[in-house]
Amino acid sequence: MSSMNRRRLLLTGSGAAIGVGLASGSATAAPTAGATAGAVTVTPGDARYADLTSGLNQRWVAAPERIVLPTTTREVVAMVQDAVDRKKRISIRGGGHCFEDFVFNSEVEVVINMSRMNAVSFDEERQAFAVEGGATLLRVYESLYEGWGVTIPGGACYSVGVGGHVSGGGYGMLSRAHGLTVDHLDAVEVVVVDASGRARSVVAGRDPADPNRDLFWAHTGAGGGNFGVITKYWFRTPGSTGTDPGALLPRPPAEVYVTMASWPWEDVSKAGFVGLLEFYGSWLERHKDVSSPYKDMCVWLMPNHQSAGDIALIAQLDATVPDAPRLLTDFLTGLNQALGVSDTPGVPERTGGTHRSTYATTQRLPWLRATRYVGTVSPTQTDPNMRGKHKSAYHRRGLTRQQIEAVYEHLTRSPQNARIAGLVMPSTGGRIAEVGPAATAVAQRDSIMKVTYEAYWYDENDDAANIAWVRGVYADVYAGTGGVPVPDERTDGCYVNYPDSDLGDPRYNRSSVPWHDLYFKGNYRRLRDVKRRWDPNDVFRHRQSVRA
């Protein structure tokens with residue numbers, strides 16, 4: 001793959017919604033230093049104010065009276081109590097990746113920014129790993145792996161905050177092998193506000209006997225900003241035993257193959273495009289179960305708009321599984337044959353080795369280096385100046401021929417005035433499907449992929465055109481079900497960590513399925529019960545928060 005094609009390769013972040021978090025408890029021996037003590041308050045006029053009133057998506061900018069940055073759970077309690085007493089609207093920021101205006105909007109008066117609470121440690125008392133809610137994913141991966149050789153199956157984008165990512169379910173490159181992030185969650189600490197207006201911190205655990213277990217369950221897929229301020233998570237894989245921390249969470253593979261493929265649009269015909277997406281969907285259907293030899297491989301297919309120059313793909317496969325080189329070669333060959341292009345994919349045998357062909361580069365890398373590489377290679381994950389619009393869909397089956405042709409039509413229309421526009425189609429399945437739809441708040445467990453429709457651009461004057469493009473392709477793909485991916489035999493609703501306010505607008509959701517059922521399906525009634533118990537005054541809310 002040429003250096004130009006590698007520069008073109010774009011990958012969206014894999015988690016996002018609303019970041020929340022902070023800290024307390026009996027954690028010990030953190031391998032990375034925690035934040036310095038002492039809360040900080042930033043108000044208009046402070047040089048830091050502009051940097052703290054928006055997140056990654058520059059469409060959303062707030063003008064709060066203050067931004068507060070706590071360092072302890074006690075400080076969070078005091079900050080929430082002060083805002084409640086003064087009747088001030090609160091929002092919570094972690095990593096800043098929320099795709100909608102749920103954190104930064106015109107109604108927010110106090111932003112609780114959790115970024116100074118980012119410690120990762122092992123809690124001897126709970127025999128679980130403690131992660132403060134303001135930590136970002138790469139910090140968590142580095143701390144867990146360098147300290148104990150373990151990890152959690154979280155998202156690819158390095159700067160996503162764990163607060164919102166985990167509470168929305170959490171998904172990433174290791175999820176086919178190890179499930180969702182919440183499948184390894186053991187407890188959560190949350191600052192809540194009771195009916196009398198009193199703020200306090202509560203620890204809720206996975207144990208069925210825990211009197212606060214409903215609050216724990218709600219944080220396994222409802223998304224951030226619903227029930228309180230998440231100040232800490234504890235992680236331990238169910239069924240793990242003993243006192244060795246290195247045996248209490250998944251161990252990632254020592255080495256992985258990372259393939260980055262890029263097919264220039266000038267080499268792609270309409271028939272080839274249809275063939276590629278049909279092959280990809282059928283391949284995911286065939287290999288959705290843990291019995292598949294590909295259960296340890298994650299794939300992201302990215303059909304970018306023609307103006308981007310390329311259709312892209314990232315694949316990561318455990319290099320230690322039996323016959324890994326052949327498995328990867330067969331998959332890449334199948335993609336090329338479906339596209340109707342000629343290529344000879346190859347896989348390096350040695351660590352640090354690289355194999356380049358016409359359309360792909362495959363490297364064999366140590367796991368942590370690969371994680372840093374995949375998490376930082378894309379401008380959509382690292383450029384802090386872009387504006388964006390996103391929509392999502394879970395798919396139980398591949399796209400139909402009619403849907404693929406609709407995608408092709410939108411991707412090949414006149415060039416968009418966007419940095420990047422297109423679809424991102426990561427594989428799901430594997431161990432994600434081994435957990436029931438009601439065991440956690442994530443109801444969509446048997447999908448084969450989750451699809452994101454997105455556009456990124458720089459200029460506010462281009463907002464209308466790019467938003468219309470995303471809305472247009474989405475409406476056409478799901479025209480048969482009211483413009484949204486209703487839960488049925490082919491699709492299964494939307495991913496709450498890729499929030500989309502259009503789902504609550506009858507102009508764009510013409511189905512009979514409300515926005516909350518697209519996110520939560522049958523779990524929404526139980527989430528409302530949790531809301532009534534733990535946030536009866538609706539202190540923590542946004543445009544698509546759980547309603548009491």
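Arg48 counts as partly exposed because its relative accessibility is 42%; buried stands for under 20% relative accessible area, exposed for over 50%, and partly exposed for what lies in between, using a 1.4 Å probe and protein chains only. Before going on, please keep in mind that this is a predicted model, in which local features need pLDDT of at least 70, side-chain atom pairs count only at pLDDT 80 or more, and totals for chains, interfaces and linings use all residues. Residues are numbered from 1 along each chain as its sequence is written, and side-chain values use heavy atoms, with hydrogens and water left out.

**Salt bridges**

Arg48 pairs with Asp46 in a salt bridge, and Asp46 is partly exposed at 24% relative accessibility. A salt bridge here is a side-chain nitrogen of Lys or Arg within 4 Å of a carboxyl oxygen of Asp or Glu. By this rule there are 39 salt bridges. Here are three of them, with the N to O distance.

| Residue | Partner | N to O distance |
|---|---|---|
| Asp46 | Arg48 | 2.9 Å |
| Arg543 | Glu100 | 3.6 Å |
| Glu278 | Arg401 | 2.7 Å |

The bridge between Arg543 and Glu100 ties together parts that are 443 residues apart in sequence, because Arg543 lies in the segment after α14 (524-534) and Glu100 in the loop between β3 (90-93) and β4 (110-113). Helices (H or I, at least four residues) and strands (E, at least two) are DSSP runs, numbered from the N terminus. Arg543 is partly exposed, with a relative accessible area of 45%, whereas Glu100 is buried at 5% relative accessibility.

Glu278 and Arg401 also form a salt bridge. This pair links distant parts of the chain, with Glu278 in helix α7 (residues 270-286) and Arg401 in helix α11 (residues 401-411), 123 residues apart. Glu278 is partly exposed at 30% relative accessibility, and Arg401 is partly exposed at 45%. Elsewhere, salt bridges that share partners join Glu100, Asp101, Lys389, Lys391, Arg471, Asp500, Asp502 and Arg543 into one network.

**A buried arginine**

Arg59 sits in the loop between β1 (40-42) and β2 (66-69). Arg59 is buried but has no salt bridge, and the nearest side chain of opposite charge, Asp463, is 4.6 Å away. For charge, Lys and Arg count as positive and Asp and Glu as negative, while His and the chain ends are not counted. A polar atom of the Arg59 side chain does lie 3.0 Å from the backbone oxygen of Gly388. Leaving aside residues up to four places away in sequence, Arg59 touches Arg387, Gly388, Lys389, Trp457, Asp463 and Ile467, where contact means heavy atoms within 4.5 Å.

**Helix α8**

Helix α8 (residues 324-339) has 16 residues, which should span 22 Å at 1.5 Å a residue, and its end C-alpha atoms agree with this at 23 Å apart; the expected span is 1.5 Å times one less than the number of residues. Among the buried residues of α8 are Leu327, Leu328, Phe331, Leu332 and Asn336. The cover over the buried residues of α8 includes α7, β10 (255-264) and β14 (360-366). After α8 comes Gly340, with a positive phi near 80 degrees.

**The whole chain**

The chain has 14 helices and 17 strands. Its radius of gyration is 22 Å, close to the 24 Å that the globule rule gives for 548 residues, so the chain is as compact as a globular protein of that length. The radius is taken over C-alpha atoms, and the globule rule is 2.2 Å times the number of residues to the power 0.38. Of the 548 residues, 65% count as buried.

Terms used: Polar contact = N/O pair within 3.5 Å; in protein donor to acceptor, adjacent residues only side chain to side chain.
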